[in-house]
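This briefing covers the fold, the strand pairing, the packing and the backbone geometry of a single chain. The sequence and the model are shown first, and the points that follow are grouped by topic.

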Amino acid sequence: MRKNSSSGKHLYSRGWFGLIPLIGGIVGLGLIALGVFKYKDRKLIIIGSAALLFTVVVYSSIIFYFEYSEAFRKDFAVFSKPAMDELIKSIEFYKTQNGQYPDSLQELTKESKLVQIHDPISQREDGERRGLFYYQRVDNRYFLFSAGVDKKPFTEDDIFPSVTYFDSTKTGLIKPLF
């Protein structure tokens, strides 16, 4: 049977749980609370703080990677093509219903809330999470593509829809040549 210790030394080894993100954060909070209120042990508070800090650093770096990493956005490019393929169907259906192509992609969302007009790899400069696919109506045709990681249209990193199953003579899609 364990003696009732007046110090928190027997809890020091629990600090190793701090190396497991999330669980370590919870354990860290517990160690800090015990160190402050029950045992008045400065080392226990330091161990708990380190465990909590490690969890915060790990999750912050993950969030930073997903939000701001160019490599992550490049990896996300595979989702742009199928989204644009579906968007082409919506644009062509809009033309069938209204006699002309929409002036902007936002007009498509007025017809159906299910239409995805946001580019998965684009992040806007004003802090908004997602930008839109590049869309420009030119007379009775249109451009539609992802401006890529650099967010500048008509550059080499642009991503275009895979129109293999579309007959390009039957759609108004213009694919830039460079």
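E1 and E2 form a hairpin with two residues between them, and in the turn Asp139 has a positive phi of about 55°. Strands, like helices, are DSSP runs numbered from the N terminus (E, at least two residues, for strands; H or I, at least four, for helices). The model is predicted, so local features need pLDDT of at least 70 and side-chain atom pairs count only at pLDDT 80 or more, while totals for chains, interfaces and linings use all residues. Residues are numbered from 1 along each chain as its sequence is written, and side-chain values use heavy atoms, with hydrogens and water left out.

**Overall organisation**

- The chain has five helices and three strands, and along the sequence they follow the pattern α-α-α-α-α-β-β-β.
- Of the 178 residues of the chain, 35% count as buried; buried means under 20% relative accessible area, exposed over 50% and partly exposed in between, with a 1.4 Å probe and protein chains only.
- Among the contacts in the chain with a separation of 6 or more, 53% come from residues 24 or more positions apart, a contact being heavy atoms within 4.5 Å.

**The sheet**

- Three strands make up an open sheet in the order E1-E2-E3, with mixed pairing; two strands pair if DSSP finds at least two bridges between them.
- Strand E1 (134-138) and strand E3 (173-174) are the edge strands, each with a single partner strand, so one side of each is left without a neighbour in the sheet.
- E1 and strand E2 (residues 141-145) run antiparallel and are joined by five bridges.
- Within this pairing, Val138 stands opposite Arg141 in E2, and Arg137 has Tyr142 of E2 as its bridge partner.
- E2 and E3 pair in the parallel sense over two bridges, with Phe143 opposite Ile174 in E3.
- Four of the five residues of E2 are buried, so E2 is largely enclosed by the rest of the structure.

- Leu87 is in contact with Leu105, Leu108, Val115, Gln116, Ile117, Phe133 and Leu144, leaving aside its neighbours within four places in sequence.
- Ser80 has its place in helix H4 and counts as buried, at 0% relative accessibility.
- The side chains of Ser80 and Asp119 are joined by a polar contact of 3.1 Å; a polar contact is a pair of N or O atoms within 3.5 Å, where within protein one must be able to donate a hydrogen and the other to accept it, and residues adjacent in sequence count only if both atoms are side-chain atoms.
- Not counting residues up to four places away in sequence, Ser80 touches Asp119, Pro120, Ile121, Phe133, Ser146 and Ile159.

**Aromatic residues**

- The structure holds seven aromatic pairs; rings of Phe, Tyr and Trp (its six-membered ring) pair if their centres lie within 6.5 Å, and planes under 30 degrees apart count as stacked, over 60 as edge-to-face and the rest as tilted.
- The rings of Tyr135 and Tyr142 have centres 5.7 Å apart and planes at 35°, so this pair is tilted.
- Tyr135 and Tyr142 are both buried.
- One aromatic cluster is formed by Tyr134, Phe143, Phe145, Phe154 and Phe160.

**Backbone geometry**

- Most residues other than glycine have a negative phi.
- Leu22, in the segment before helix H1 (23-38), has a positive phi of about 75° although it is not a glycine.
- Phe154 lies in the loop between E2 and E3 and has a positive phi of about 65°, although it is not a glycine.
- With a relative accessible area of 36%, Phe154 is partly exposed.
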